[in-house]
Amino acid sequence: RKRAFSELLERRAAIGTAGEDGRLRSAIAVFLDRIDNIIPNNVPQPQTLAAHVHGLVELNQKFVVGDEDKATVEAIEGELIQAEHSGSSGQSNAADAVEEHDFGQEQEQEQ
């Protein structure tokens with residue numbers, strides 16, 4: 001988004017004119033949120049944040065131009081994947097703790 005914003009700032013005079021090319025339209029599209037009223041017949045599969053971010057990176061690949069940009073993207077995706085793996089084990093640990101607490105309360109009630 002930062003590269004797209006820089007592109008828009010540099011070429012703001014060309015927006016809406018004959019000088020507007022595909023790259024400038026792509027930079028504008030980065031900031032658009034598509035809204036539709038199509039309701040699917042099935043329930044969509046939940047998507048992880050890492051998968052959503054990866055899809056956005058693929059969609060806007062033309063704005064990831066330098067080695068620094070690529071390293072930043074890789075670092076963010078790596079952190080998201082690591083957080084999902086640690087989060088999923090944390091959720092199971094939390095569920096185990098709740099189950100153990102409930103079992104302890106049942107034991108107290110029986111006594």
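Biologist: What covers the buried residues of helix 1?

Modeller: The cover includes helix 2. Buried means under 20% relative accessible area, exposed over 50%, and partly exposed in between (1.4 Å probe, protein chains only). This is a predicted model: local features need pLDDT of at least 70, side-chain atom pairs count only at pLDDT 80 or more, and totals for chains, interfaces and linings use all residues. Residues are numbered from 1 along each chain as its sequence is written, and side-chain values use heavy atoms, without hydrogens or water.

Biologist: How many helices and strands are there in the chain?

Modeller: Helices (H or I, at least four residues) and strands (E, at least two) are DSSP runs, numbered from the N terminus. This chain has four helices and zero strands. Along the sequence the pattern reads α-α-α-α.

Biologist: What share of the residues in the chain is buried?

Modeller: Of the 111 residues, 16% are buried. The chain exposes about 9,300 Å² (Shrake-Rupley method, 1.4 Å probe). Carbon and sulfur atoms supply 53% of that area.

Biologist: Back to helix 1. Which of its residues are buried?

Modeller: Start with the general idea. An α-helix has 3.6 residues a turn, so residues three or four places apart point the same way. In helix 1, the buried residues are Ala-4, Glu-7 and Leu-8. They span an arc of only 100° around the axis, which puts them on the same side of helix 1. The arc is taken from the directions from the helix axis to the C-beta atoms. On the other side of helix 1, Lys-2 and Glu-10 are exposed.

Biologist: Which residues of helix 2 are buried?

Modeller: Helix 2 covers residues 22-29, and Leu-24, Ser-26 and Ala-27 are its buried residues. Their arc is only 160°, which places them on the same side of helix 2. Helix 1 (2-10) is part of what covers them. Look at the N-terminal end too. Asp-21 caps helix 2 there, with a side-chain oxygen 3.1 Å from the backbone nitrogen of Leu-24.

Biologist: Which residues make up the largest nonpolar core?

Modeller: A nonpolar core is a set of buried Ala, Val, Leu, Ile, Met, Phe, Trp, Tyr and Cys residues joined through side-chain atoms within 4.5 Å. Here the largest has seven residues: Ala-4, Leu-8, Ala-14, Leu-24, Ala-27, Val-30 and Phe-63. Helix 1 and helix 2 are the elements that give two or more residues to this core. Another core, of six residues, lies apart from it; Ala-50, Val-53, Val-73 and Leu-80 are among its members.

Biologist: Which residues of helix 3 are buried?

Modeller: Helix 3 runs over residues 49-59, and Ala-50, Val-53 and Val-57 are buried there. They cover an arc of only 65°, which puts them on the same side of helix 3.

Biologist: What is Phe-63 in contact with, leaving aside its neighbours within four places in sequence?

Modeller: Contact means heavy atoms within 4.5 Å. With those neighbours left aside, Phe-63 touches Arg-3, Ala-4, Arg-23, Ser-26, Ala-27, Val-30 and Asp-69. For the chain, take contacts with a separation of 6 or more: residues 24 or more positions apart account for 51% of them.

Biologist: Is Asp-69 buried or exposed?

Modeller: Asp-69 is buried, at 17% relative accessible area. It lies in helix 4 (residues 67-110). A polar contact of 2.7 Å joins its side chain to that of Arg-3. A polar contact is a pair of N or O atoms within 3.5 Å; within protein, one must be able to donate a hydrogen and the other to accept it, and residues adjacent in sequence count only if both atoms are side-chain atoms.

Biologist: Where does Thr-48 lie?

Modeller: Thr-48 sits in the loop between helix 2 and helix 3. It is partly exposed, at 39% relative accessible area. Its side chain makes a polar contact of 3.4 Å with the side chain of Glu-84.

Biologist: How many aromatic pairs does a search of the whole structure find?

Modeller: The search finds one. Phe-5 and Phe-31 have ring centres 6.4 Å apart and planes at 75°, so the pair is edge-to-face. Phe-5 is in helix 1 and Phe-31 is in the loop between helix 2 and helix 3, 26 residues apart, and the pair links these distant parts of the chain. Rings of Phe, Tyr and Trp (its six-membered ring) pair if their centres lie within 6.5 Å; planes under 30 degrees apart count as stacked, over 60 as edge-to-face and the rest as tilted. Phe-5 is partly exposed at 46% relative accessibility, and Phe-31 is partly exposed at 31%.
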